[in-house]
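Here are my notes on this one, jotted down as numbered points. Have the structure open while you read.

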Amino acid sequence: VSDPASLGQEFVRWEVATAVAGGLLGINPFDEANVQEAKDATNAVLRGDAPEPPATVALYSATEALLQRVKADGYVAVLAYVERTPQAEEALNRLRTALAERTHLATTLGYGPRYLHSTGQLHKGGVPSGAFLLLIEERTEDVPIPGAAFTFGRLFEAQALGDATTLTKHGLPLVYVEPLSDAPTQIAALADAVRGSA
């Protein structure tokens, strides 16, 4: 912006752009019903009364499982519940690029749980054309949440399970990979496998 007084103008510009983009994508950006649905599913996991979560697949079979679920006119979304380090960022971008080159489709990459409040509504409430690859990293350290009966690690896991359950409930193709012990290395290997499957 040219000066601080112009900042308000930018807020309005992007609020209007969000509304227009939502309309073009077939979603209502003012009603995030499916964002709330994922929150409710997370709370159900934390309470222990959630439905059976989707089955996980082994890393070595994730490529074939995902490519079988991709739609010719769809997109591929990588949902990564991993620590955002430079190494993980590089590996995830390699994977996203490999998927784009292999499928010739648009691809997205979102870090969980924050994508739930941005593209999460599009995934579940937009045109049902996405194929979803959900990656979650094993937690080696955990921190309690003051006043809560669960830890941050458990909340993190519940958010991933809640979203996986919600995607499956909507009949959307999901590949839920077994928890990763060394996320950057394993994601890079997955990217290589995608390239090798062409």
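1. Overall size first, bearing in mind that this is a predicted model. Along the principal axes, the C-alpha atoms fill a box of roughly 50 × 50 × 35 Å.

2. Secondary structure: I see 7 helices and 5 strands. Reading from the N terminus, the order is α-α-β-α-β-α-β-α-β-α-β-α. Among contacts with a separation of 6 or more, 80% join residues 24 or more positions apart.

3. Surface versus interior. Buried residues make up 41% of the 198. The protein exposes about 10700 Å², and 56% of that comes from carbon and sulfur atoms.

4. Now the packing. The largest nonpolar core has 28 residues, and Leu-66, Val-82, Leu-92, Leu-95, Leu-133, Leu-135 and Ile-187 are the ones with the most contacts inside it. At least two residues of this core come from each of helix 3 (59-69), strand 2 (75-81), helix 4 (86-103), strand 4 (130-136), strand 5 (174-177) and helix 7 (183-196). There is also a second, separate core of 19 residues, with Leu-116, Phe-156, Ala-160 and Leu-174 among them.

5. Beyond its neighbours within four places in sequence, Leu-133 touches Leu-66, Ala-77, Val-78, Leu-79, Leu-95, Val-175, Val-177 and Leu-190.

6. On to charges: a search of the whole structure turns up 8 salt bridges. One of them pairs Glu-37 with Lys-169 at 3.0 Å, N to O. Glu-37 sits in helix 2 (residues 33-47) and Lys-169 in helix 6 (residues 152-169), so this pair ties together parts 132 residues apart in sequence. Buried or exposed, which is Glu-37? Its relative accessibility is 16%, under the 20% cut-off, so Glu-37 counts as buried, whereas Lys-169 is exposed at 64%.

7. Asp-192 and Arg-94 form another salt bridge, at 2.6 Å, N to O. Asp-192 is partly exposed at 43%, and Arg-94 is partly exposed at 30%.

8. Lys-124 and Asp-163 meet at 2.6 Å, N to O. Lys-124 is in helix 5 (residues 120-125) and Asp-163 in helix 6, so parts 39 residues apart are tied together. Both Lys-124 and Asp-163 are buried.

9. Last, a surface item: Val-12, Val-16, Val-20 and Leu-24 make a nonpolar patch with about 400 Å² of accessible area together. Val-16 lies in helix 1 (residues 7-25) and is partly exposed, at 48%.

Definitions and conventions:
Residues numbered from 1 in each chain as written. Predicted model: local features only at pLDDT ≥ 70, side-chain atom pairs only at ≥ 80, totals over all residues. Heavy atoms only, no water. Patch = residues over 30% accessible without salt bridge, like charges linked within 9 Å, V, L, I, M, F, W, Y side chains within 5 Å. Areas by Shrake-Rupley, 256 points an atom, 1.4 Å probe, with all protein chains shown as cover. Salt bridge = Lys/Arg side-chain N within 4 Å of Asp/Glu carboxyl O. Helix = DSSP H or I, 4+ residues; strand = E, 2+ residues; numbered from the N terminus. Buried < 20%, exposed > 50% of the residue type's maximum accessible area, 1.4 Å probe, protein only. Contact = heavy atoms within 4.5 Å. Core = buried A, V, L, I, M, F, W, Y, C linked by side-chain atoms within 4.5 Å.
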